[in-house]
Amino acid sequence: MAVVVKLDFNKTYEIDPLSGDSRVSTFNSELEDGASIPLRVEISSTPHAMLPSVFNLAFGPINAKGEIDDRAEIAHKDCMV
């Protein structure tokens with residue numbers, strides 16, 4: 001089953017960089033119920049061992065341990081299916 005992804009560069013989020021090089025940042029996303037949740041984005045500083053031009057990107061809410069929960073299921077307000 002193919003998934004169609006639509007990007008709208010007119011709708012963007014203001015990020016709050018947590019590192020000087022912006023590899024770690026946060027932003028708030030509005031949920032379907034009107035609540036707001038902070039999300040973190042982390043880009044690895046070293047490339048993949050077998051793919052030297054590929055870096056890992058982690059994205060999601062922060063769990064109780066202060067780590068990104070990239071398996072969380074969140075209903076974002078602006079999500080288009």
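In the hairpin of strands β2 and β3, Gly-34 takes a positive phi near 95°. Five residues lie between the two strands of this hairpin. Strands (E, at least two residues) and helices (H or I, at least four) are DSSP runs, numbered from the N terminus. The model is predicted: local features need pLDDT of at least 70 and side-chain atom pairs 80 or more, while totals for chains, interfaces and linings use all residues. Residues are numbered from 1 along each chain as its sequence is written, and side-chain values use heavy atoms, without hydrogens or water.

**Overall make-up**

- The protein has four strands and zero helices.
- Read from the N terminus, the order of elements is β-β-β-β.
- The C-alpha trace spans about 40 × 35 × 25 Å along its principal axes.
- Of the 81 residues in the protein, 17% are buried (buried is under 20% relative accessible area, exposed over 50%, partly exposed in between; 1.4 Å probe, protein chains only).

**The sheet**

- The four strands form an open sheet, in the order β1-β2-β3-β4, with antiparallel pairing (strands pair if DSSP finds at least two bridges between them).
- Its edge strands are β1 (16-17) and β4, and each of these pairs on one side only.
- Strand β2 covers residues 24-30, and strand β3 covers residues 36-43.
- Seven bridges join β2 and β3 in the antiparallel sense.
- Val-24 stands opposite Glu-42 in β3.
- Thr-26 has Arg-40 in β3 as its bridge partner.

**Aromatic rings**

- The structure holds two aromatic pairs (ring centres of Phe, Tyr or Trp, its six-membered ring, within 6.5 Å; planes under 30 degrees apart are stacked, over 60 edge-to-face, the rest tilted).
- Tyr-13 and Phe-27 make a tilted pair, at 4.8 Å centre to centre and 40° between the planes.
- This pair links distant parts of the chain: Tyr-13 sits in the segment before β1, Phe-27 sits in strand β2, and 14 residues separate them.
- How exposed is Tyr-13? Tyr-13 is partly exposed, at a relative accessible area of 36%.
- Phe-27 counts as buried because its relative accessibility is 12%.
- Phe-27 also pairs with Phe-59: the ring centres are 6.0 Å apart and the planes meet at 20°, so this pair is stacked.
- Phe-27 lies in β2 and Phe-59 in β4, so the pair ties together parts that are 32 residues apart in sequence.
- Phe-59 is partly exposed, with 41% relative accessibility.
- Ring pairs join Tyr-13, Phe-27 and Phe-59 into a cluster.

**Serines and their polar contacts**

- Ser-19 is placed in the loop between β1 and β2.
- Ser-19 is partly exposed, at 24% relative accessible area.
- Which backbone atom does the side chain of Ser-19 reach? The side chain of Ser-19 reaches the backbone nitrogen of Val-24, at 3.1 Å (a polar contact is an N or O pair within 3.5 Å; within protein, one atom must be able to donate a hydrogen and the other to accept it, and sequence neighbours count only if both atoms are side-chain atoms).
- Ser-19 and Glu-42 are 23 residues apart along the chain, and their C-alpha atoms are separated by 9.8 Å.
- Glu-42 is the residue opposite Val-24 in the sheet.
- Ser-25 is found in strand β2.
- Is Ser-25 buried or exposed? Ser-25 is buried, since its relative accessible area is 4%.
- A polar atom of the Ser-25 side chain lies 3.4 Å from the backbone oxygen of Ser-22.

**The segment before β1**

- Val-5 has its place in the segment before β1.
- Val-5 counts as exposed because its relative accessibility is 66%.
- Tyr-13 is in the segment before β1 as well.
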